[in-house]
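Student: I have a protein model open and would like to learn how to read it. Could you walk me through it, starting with a pair of residues that face each other?

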Amino acid sequence: MQFTFAHNNFNVLNLEKSLSFYREALQLTEARRKEAPDGSFILVFLGDGRTPHQLELTWLKDRQEPYNLGDNEFHLAFTVDDFAGAHALHEEMGCICYENKDMESTLSTIRMTTGSRSYPKKDDPFFGAARD
């Protein structure tokens, strides 16, 4: 038996805002979409156009409150051919909240809440805060 990795899923409160963030910050594009016949949910699968891996965003019609992500340490990892350019873009967007320059493979982290906004602004209490 062999398993093949397919996708990761994040539930989001504001689908359009989340799609905009992933398009602008990470250049992900919509690969496919599934909408429930009764309108109760929408699944949007995003891809980078180069690898088979996808990110599934799940929007639930009846969800009104932002998701509480707690202390989850899940993340999406990307490589980029122009780190300085990507860093400048994320800095301009105001979504870099923590950097660990001592780690060779992970140089920055983008904190995203999948609820009330797609990425933090400078007045966000987590902006610039070091993580434990």
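Tutor: Happy to! Keep in mind that this is a predicted model.

Student: Which strands pair here, and in which sense?

Tutor: Strand E3, residues 41-47, pairs with E4. The sense is antiparallel, and the pairing runs over seven bridges.

Student: What is the order of the strands in the sheet?

Tutor: Read across the sheet, the order is E1-E4-E3-E2. These four strands form an open sheet with mixed pairing.

Student: Which strands stand at the edges?

Tutor: Those are E1 (7-12) and E2 (29-35). Each has a single partner strand, so one side of each has no neighbour in the sheet.

Student: Let me try a single residue. Is Gln54 buried or exposed?

Tutor: A residue counts as buried when its relative accessible area is under 20%. Gln54 has 17%, so it is buried. You will find Gln54 in strand E4, which covers residues 54-60.

Student: What is Gln54 in contact with, leaving aside neighbours within four places in sequence?

Tutor: Its contacts include Ala6, His7 and Asn8, as well as Ala31 and Arg32. Phe45 and Leu46 are also among them.

Student: And where is His87?

Tutor: His87 is in helix H2, residues 83-93. With a relative accessible area of 16%, His87 is buried too. Leaving aside neighbours within four places in sequence, it is in contact with Ile96 and Glu99.

Student: Now the whole protein, please. How many helices and strands does it have?

Tutor: There are two helices and six strands. Starting at the N terminus, the elements run β-α-β-β-β-α-β-β.

Student: What share of the residues is buried?

Tutor: Of the 132 residues, 30% are buried. The protein exposes about 9400 Å², and 50% of that comes from carbon and sulfur atoms.

Student: How do contacts link parts of the chain that lie apart in sequence?

Tutor: Take the contacts between residues at least 6 apart in sequence: 55% of them join residues at least 24 apart.

Notes: Residues are numbered from 1 along each chain as its sequence is written. This is a predicted model: local features need pLDDT of at least 70, side-chain atom pairs count only at pLDDT 80 or more; totals for chains, interfaces and linings use all residues. Side-chain values use heavy atoms; hydrogens and water are left out. Buried means under 20% relative accessible area, exposed over 50%, partly exposed in between (1.4 Å probe, protein chains only). Contact means heavy atoms within 4.5 Å. Accessible areas come from the Shrake-Rupley method with a 1.4 Å probe; for residues, only the protein chains shown count as cover. Two strands pair if DSSP finds at least two bridges between them.
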